[in-house]
Amino acid sequence: DVELDPNELEAVTGRLDAIETLKKKYGPSIAAIHAVRDRFAATLESDVGRDERLAAIESELITLDAAISADAAALRSGRSAAIPACEARVAEELHALAMPAARFAIALEPLDEIAAHGGDRIEFRFSANPGEPERPLARIASGGERSRVLLALVVVLSDRRDARTFVFDEIDAGIGGATAVAVGARLQRLAGVAQVVCVTHLAQIASWADTHYVLRKYDDGGDTTIEVVPLRAEDERLSEIARMLSGDTKRISLEHAATLVASARSGR
């Protein structure tokens with residue numbers, strides 16, 4: 001009693017062939033094929049609204065760019081206002097650090113694009129002698145000059161910086177006497193807000209330290225070894241400062257060392 005419809009048989013067979021083809025391409029089951037279809041539909045829907053979303057993003061970028069530009073301009077204004085006072089205070093510190101003719105300047109140069117630290121490149125400029133123009137500090141200053149400029153900067157900005165560690169080397173180059181005492185006093189003041197490590201050959205600077213280490217060199221004929229030795233006892237510290245003063249540990253050298261240490265402690 002069954003009525004065979006060749007057209008219907010052909011349609012069903014074609015549908016089954018199409019389903020088998022989809023299974024081979026997208027998954028082993030009808031559910032897998034449906035999942036792929038849903039993903040394609042979502043992608044199509046996303047593409048249809050692409051222009052509207054791009055327009056919204058571009059509008060947001062314009063708003064953010066204007067805000068960043070305004071912030072960069074405000075930062076530049078604040079920097080410009082702060083520079084004169086900073087330059088003057090650093091110059092005062094440099095004059096007290098045996099650089100009476102030193103000049104210090106801060107230059108703001110606009111960047112092509114706003115960066116993480118604003119829209120300006122900041123350059124420190126320096127002149128150590130009268131009649132010489134101020135040039136980039138990084139290119140013209142000696143190691144000792146850079147150390148003293150760094151010391152002046154961190155002293156001036158000590159109340160505006162997070163506590164950290166500062167390492168000074170060659171800061172005693174070309175100085176002595178009262179100037180060395182002034183350097184030691186500033187290092188000690190800075191040590192109140194940060195850790196200060198200073199390599200020095202001057203007893204006037206070493207006398208201000210809270211903790212002392214001495215470098216001792218050993219040569220066994222083949223290898224040279226440098227040992228860092230902590231000086232924990234008071235007599236050890238005084239003996240080393242005495243050697244820095246006169247090369248020996250005679251009574252008069254020890255008395256001078258004790259006077260230096262006592263003077264530094266009374267000045268804290």
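This is a predicted model: local features need pLDDT of at least 70, side-chain atom pairs count only at pLDDT 80 or more; totals for chains, interfaces and linings use all residues.

**Salt bridges up close**

Author: Let's start with R121 and E123, whose side chains meet in a salt bridge, 3.5 Å from N to O. How covered are the two partners? R121 has a relative accessible area of 39%, so it is partly exposed. E123 comes in at 11%, and since buried means under 20%, E123 counts as buried.

Now take a look at D120, which forms a salt bridge with R76, with 2.7 Å between the closest N and O atoms. This pair links distant parts of the chain: D120 sits in strand β2 (residues 118–127), R76 belongs to helix α3, and 44 residues separate them. D120 is buried because its relative accessibility is 7%, while R76, at 31%, is partly exposed.

For another pair, go to D38 and R37, whose side chains meet in a salt bridge at 3.3 Å, N to O. Here D38 is partly exposed at 44% relative accessibility, and R37 is partly exposed too, with a relative accessible area of 48%. Why do such pairs turn up? Side chains of opposite charge can pair when their charged atoms come close. How many are there by this rule? The count comes to 14 salt bridges.

Technical notes
Residues are numbered from 1 along each chain as its sequence is written. Side-chain values use heavy atoms; hydrogens and water are left out. A salt bridge is a side-chain nitrogen of Lys or Arg within 4 Å of a carboxyl oxygen of Asp or Glu. Buried means under 20% relative accessible area, exposed over 50%, partly exposed in between (1.4 Å probe, protein chains only). Helices (H or I, at least four residues) and strands (E, at least two) are DSSP runs, numbered from the N terminus.
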